[in-house]
Each structure stands twice: as C-alpha cells, then as structure tokens.
Amino acid sequence: MYIPGDFSATDPLNQAVTAAAQCMYGIAQTTVTALGCAPGLGFIHSGHELAFVLDIADLYKTEIAIPIAFDVAAEDPEDVGSRTRRAIRDHVNKIVLLKRCVTDIKHLLLTDSATDEIADEDVDRVTLQSDHGIELESGCNYGDDQADEVPW
C-alpha cells in the first residue's frame with residue numbers, strides 16, 4: 001500500500017517505484033535547467049512549477065524506472081530505496097541517458113533545421129581570425145613556407 005509522505009511505511013515495491021521516479025525527476029530537472037528551459041512550461045502536466053520536468057521524466061519512466069524498480073524489489077526487500085537509486089544511476093550511465101535527454105528536449109522545442117544548426121554548433125571548434133574576417137583552422141602552422149595557402 002502506498003502512503004503519501006511516508007516512504008518507510010510503504011511496501012518495498014512502492015518504495016522502489018518512488019525512488020526510481022525521484023531519480024527520473026532529478027535527471028529531467030538537471031537537463032531542463034542545464035539547457036536553460038523553463039521548468040514550468042508543461043505540455044502534458046500543467047499548473048505546477050516543474051511541469052516540463054515532469055513531462056520529460058515521463059518520457060523515460062516506463063522504459064527505465066519502472067522495470068528497474070520491479071527488478072530491485074524482487075531481489076530483496078531490504079534497503080530498496082538506495083539500491084534502486086544505485087541501479088538507476090548505473091543504467092543511466094550505461095545508456096548515456098543525459099545525452100539522450102538533451103537531444104529529445106531539443107527535438108521537442110526546436111524545428112528540425114534549428115536542431116541541425118545546433119548540432120553543428122555543438123562541435124567544439126577552435127579557429128583563428130584573420131585580419132580580413134576569414135576563419136582559419138587552428139592547429140596548422142601558417143608559417144612562411146605555407147604563406148601562399150593562407151587566404152589573406
């Protein structure tokens with residue numbers, strides 16, 4: 001039986017599901033905040049300051065959180081909350097969920113052409129600025145013997 005606000009009074013399965021859901025909320029809030037999105041901008045959830053966070057967490061709960069919660073609760077009823085959190089952490093790292101969250105949020109909020117442009121901008125490129133406004137690849141020696149190849 002689930003008792004709101006009293007984690008320890010519930011059965012191990014409900015403890016595992018609650019712990020797993022909280023992990024998903026934390027992951028979603030971290031990603032939403034890191035991208036500078038408005039956490040209250042909900043599509044499915046509304047009227048809550050974290051509506052968008054709840055929407056994003058729901059994208060992954062049935063795929064990740066619920067199966068892990070059931071597996072952990074079935075293994076052993078002791079210390080279900082912390083074991084569930086560790087299992088979620090390990091799985092999230094294994095499947096690189098944070099990167100997937102970023103991609104999913106960008107696809108939800110931006111047009112396809114905008115996400116293509118962002119993907120190009122996400123590449124960490126270092127260039128050299130010439131006197132004529134031309135960007136040159138860094139990491140090259142533009143010395144006297146290559147002066148003819150430099151577009152300035």
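With which residue does E63 form a salt bridge, and how far apart are the closest N and O atoms? In this predicted model, local features need pLDDT of at least 70 and side-chain atom pairs count only at pLDDT 80 or more, whereas totals for chains, interfaces and linings use all residues. Residues are numbered from 1 along each chain as its sequence is written, and side-chain values use heavy atoms, with hydrogens and water left out.

E63 forms a salt bridge with R100, and the closest N and O atoms of the pair are 2.8 Å apart; a salt bridge is here a side-chain nitrogen of Lys or Arg within 4 Å of a carboxyl oxygen of Asp or Glu. The pair links distant parts of the chain, with E63 in helix α2 (residues 51-75) and R100 in helix α4 (residues 97-109), 37 residues apart. Helices (H or I, at least four residues) and strands (E, at least two) are DSSP runs, numbered from the N terminus. E63 is partly exposed at a relative accessible area of 42%, and R100 is likewise partly exposed, at 31%; the classes are buried for under 20% relative accessible area, exposed for over 50%, and partly exposed in between, with a 1.4 Å probe and protein chains only.

R100 also meets D104 through their side chains, in a salt bridge of 3.8 Å from N to O. Both R100 and D104 lie in helix α4, four residues apart, which is about one turn of the helix. D104 is partly exposed, with a relative accessible area of 23%, and salt bridges that share partners join E63, R100 and D104 into one network. A search of the whole structure finds five salt bridges, among them the pair of E75 and R83, in which the closest N and O atoms are 3.3 Å apart.

As to nonpolar groups, L41, F43, I44, L59, L108, L109 and L110 form a patch on the surface with about 660 Å² of accessible area together. Patches are made of residues with over 30% relative accessible area and no salt bridge, like charges being joined within 9 Å and nonpolar side chains (Val, Leu, Ile, Met, Phe, Trp, Tyr) within 5 Å. Accessible areas come from the Shrake-Rupley method with a 1.4 Å probe, and for residues only the protein chains shown count as cover.

I27, by contrast, is buried at 15% relative accessible area and is placed in helix α1 (residues 12-34). Not counting residues up to four places away in sequence, I27 touches V92, L97, L98 and C101, where contact means heavy atoms within 4.5 Å. I27 and C101 are 74 residues apart in sequence, and their C-alpha atoms are 8.6 Å apart in space.

For the protein as a whole, the secondary structure comes to five helices and two strands, following the pattern α-α-α-α-α-β-β along the sequence. Buried residues make up 29% of the 152 residues, and residues 24 or more positions apart account for 47% of the contacts with a separation of 6 or more. The protein exposes about 9900 Å², of which carbon and sulfur atoms supply 53%.
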